[in-house]
Amino acid sequence: MLVLASESPYRRVLLDRLLLPYTAASHKCDERSLPVADSLQQHAIDLATAKAASLREQFPTAHIIGSDQIAELDGHILHKPETEERAIQQLGRLAGQTHNLHTAIALHSPDGTVQTAVDVHKMHMRALGSDELRRYVQADQPLDCCGSYKIESLGISLFERIEGDDFTAITGMPMLALCQQLRSAGFSIP
């Protein structure tokens with residue numbers, strides 16, 4: 001049995017690509033209560049691991065996938081904006097700058113082993129005016145996305161360059177790493 005410790009529609013779309021049966025369930029991890037690790041990459045791994053572990057009691061015989069993403073500008077974590085005004089403000093801070101996305105995956109196996117990986121992207125956003133930012137936010141409504149953009153949608157137009165290994169990580173889950181983890185756990189992926 002495979003469980004995704006998330007009801008994120010973005011992560012579900014990614015996992016659906018693998019054509020594996022799975023259950024999506026809300027994790028029971030209080031993300032804000034976890035202490036921030038020395039590096040944001042490790043913090044992303046810790047969060048992904050905690051999310052998967054939070055469902056271990058509910059699904060003791062399952063392989064559980066946890067994932068987390070941290071947007072970071074100059075060492076500061078950027079949270080989901082939740083409102084249009086905060087999204088516009090956050091994008092205004094990012095415009096013309098380079099920020100990092102740290103996206104981690106953790107696969108908890110029923111035997112207690114945990115496989116983790118993290119993917120980091122350097123996101124080079126082009127300079128943007130306030131009218132462009134407002135139009136973008138109103139069109140894409142990225143209120144539930146750290147960084148305040150949806151790269152898989154109109155958000156791609158905000159960038160001049162992206163550096164990283166696995167583009168799916170930007171959407172919320174590094175699928176190259178997950179495929180490797182699932183194969184090593186015995187799942188058949190075409």
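I started with the lining of the largest pocket, where strand E3 gives the most, with four residues. I am working from a predicted model.

I looked up which elements join E3 there. Helix H1 (9-16), helix H2 (40-53), strand E3 (63-73), strand E4 (76-78) and helix H5 (168-171) each supply at least two lining residues.

Next I took the volume. The largest pocket comes to about 800 Å³. I then asked which of its 36 lining residues are closest to the centre. They are Glu31, Asp68, Gln69, Lys80 and Cys146. I also sorted the lining by class: 16 residues are nonpolar, nine are polar and eleven are charged.

I turned to the helix pair. How do the axes of H3 and H4 cross? Helix H3 (residues 84-94) and helix H4 (residues 130-140) have axes that come within 9 Å and cross at roughly 130 degrees. I therefore noted H3 and H4 as oblique to each other. I recorded the hand of the H3 and H4 crossing as right-handed.

Last, I listed the contacts. From H3 I have Glu84, Glu85, Ala87, Ile88, Leu91 and Gly92. On the H4 side they meet Leu133, Arg134, Tyr136, Val137 and Gln138. By class, I find six nonpolar, two polar and three charged residues in this contact of H3 with H4.

Methods:
Residues are numbered from 1 along each chain as its sequence is written. This is a predicted model: local features need pLDDT of at least 70, side-chain atom pairs count only at pLDDT 80 or more; totals for chains, interfaces and linings use all residues. Side-chain values use heavy atoms; hydrogens and water are left out. Axes are lines fitted to C-alpha atoms, for helices over the stretch in contact, and angles run from 0 to 180 degrees between N-to-C directions. Angles under 35 degrees count as roughly parallel, over 145 as roughly antiparallel, 65 to 115 as roughly perpendicular and the rest as oblique. A crossing is left-handed if the near helix is turned anticlockwise from the far one by less than a right angle, and right-handed if clockwise. Contact means heavy atoms within 4.5 Å. Ala, Val, Leu, Ile, Met, Phe, Trp, Tyr, Cys and Pro count as nonpolar, Asp, Glu, Lys and Arg as charged, and the others, Gly among them, as polar. On a 1 Å grid over the protein atoms alone, a cavity is a set of points where a 1.4 Å probe fits but cannot get out, and a pocket is an open set with protein on both sides within 12 Å along at least five of seven lines; lining residues have an atom within 4 Å of a point. Grid points are joined across faces, edges and corners, and a volume is the space filled by probe spheres set on the points.
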